[in-house]
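Please keep the model in view while reading.

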Amino acid sequence: MQKFNQIQENINLKNYTTIKVGGISNYFAEPSNIEEFINLLKWAKSKNCQCLILGAGSNTLIKNINIKKLTICTRNMNKVKIEPKTGLIYAQSGALLSKLSTLLAQNHFTGGEWKIGIPGTVGGAIYMNAGAGKYSISDNLKSVKVIDPDTLNTFVLSKNEINFEYRFSSFQLSQLIILEAKFYFWKKGNKEKILEKTKSIIYERKKQQPYHLPSCGSVFKNPISNYAGKLIEESGLKGVSIGGAEISTMHANFIVNKNSASSEDVFSLIILIQKKVLQKTGILLHPEVRMIGFDYP
């Protein structure tokens, strides 16, 4: 099987992550539809080459190494369709959450406002069971179309066939790849009020979180009945830097790339935070960020 024209070689993945660090991927492609995606998996299988799937590159830290894989970035698989009468919405895995939020608001549906300003894709959000406050992406999920990269079989999983917990889905324990998803929204409201709420949410986020600097989003999961950011700040770590990476002075659960940080700088801060918070509080913080290429348990 010949290599597709769409496959590029030796691509720096720092340009495809929100924190702007990453390694060099041997092969890289951006399919625009499911058929192209499956063909890429076939090519990788024929070459005995593993795949790394990236969406918006948020919630992801990739080590500065040579990544001997085919990296498939789904951001061009971003089609979204809504049925205003039924409340059903269909989204490909690379569609941005903010796109869903805007489309729902335009069609008078409530329940999607929290997604605004979160720089993630549908596939990544389902994989992580992303959320904000009391809301999670799984709340309105109906089903997910997936592919098994070994057999190349595609099939649909209903929500009750997937295990969802706080910032966790059973996709994290399987090799299945998310292709698209179906959601159901049933509550309708006033369009102007919904849009006003989304504006208010994005305003508050920009006021509290370091949107002006590259980051991977929230680094740690919140412990039960506590907040990671609060524990990090109380441990005196706000503003602490290693290399070009800094624990944000705005929100301590964010690590920002302040000055050409390396992935090792960011990783070192993650380990430092865990150590200091454990020493002070006895609580071990668990990373929410997906770490690729690192020797991390």
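## Start of helix α1

Asn 33 caps the N-terminal end of α1. One of its side-chain oxygens lies 3.2 Å from the backbone nitrogen of Glu 35. The model is predicted, and these distances are computed from it.

Helix α1 covers residues 34–46, 13 residues in total. At 1.5 Å a residue, the helix should span 18 Å. Just after α1, Asn 48 takes a positive phi of about 55 degrees.

Which residues of α1 are buried? They are Ile 34, Phe 37, Ile 38, Leu 40, Leu 41, Trp 43 and Ala 44. In an α-helix there are 3.6 residues a turn, so residues three or four places apart point the same way. The buried residues of α1 pack against several strands: β2 (24–29), β3 (51–54), β5 (66–73), β10 (141–147), β11 (154–158) and β14 (177–184).

## Cysteines

How many disulfides does the structure hold? The count is 0. A disulfide is a covalent bond between the sulfur atoms of two cysteines. For Cys 51, the closest cysteine sulfur is that of Cys 49, 6.0 Å away. That is too far for a bond, because a disulfide needs the sulfur atoms within 2.5 Å.

Cys 73 is in no disulfide either. Its nearest cysteine sulfur belongs to Cys 51, 13 Å away. The surroundings of these two residues can be set side by side. Cys 51 is partly exposed, at 28% relative accessibility, whereas Cys 73 is buried, with a relative accessible area of 0%.

## Aromatic pairs

A search of the whole structure finds 4 aromatic pairs. One of them joins Tyr 184 and Trp 186. Their centres are 5.8 Å apart, with 35 degrees between the planes, and the pair is tilted. Tyr 184 is partly exposed, at 31% relative accessibility.

Phe 267 and Phe 294 form another pair. Why does it count as stacked? The ring centres are 4.5 Å apart and the planes meet at 15 degrees; stacked pairs have planes under 30 degrees apart. This pair links distant parts of the chain, 27 residues apart. Phe 267 is in helix α6 (residues 263–281), and Phe 294 is in the segment after β19 (290–292). Both Phe 267 and Phe 294 are buried.

## A charge over a ring

Arg 290 places its charged end over the ring of Tyr 127. The distance to the ring centre is 5.7 Å.

How values were computed: Residues are numbered from 1 along each chain as its sequence is written. This is a predicted model: local features need pLDDT of at least 70, side-chain atom pairs count only at pLDDT 80 or more; totals for chains, interfaces and linings use all residues. Side-chain values use heavy atoms; hydrogens and water are left out. Helices (H or I, at least four residues) and strands (E, at least two) are DSSP runs, numbered from the N terminus. The expected span of a helix is 1.5 Å times one less than its number of residues. Buried means under 20% relative accessible area, exposed over 50%, partly exposed in between (1.4 Å probe, protein chains only). Contact means heavy atoms within 4.5 Å. A polar contact is a pair of N or O atoms within 3.5 Å; within protein, one must be able to donate a hydrogen and the other to accept it, and residues adjacent in sequence count only if both atoms are side-chain atoms. Rings of Phe, Tyr and Trp (its six-membered ring) pair if their centres lie within 6.5 Å; planes under 30 degrees apart count as stacked, over 60 as edge-to-face and the rest as tilted. A charge sits over a ring if NZ of Lys or CZ of Arg is within 6 Å of the ring centre and within 35 degrees of the ring normal.
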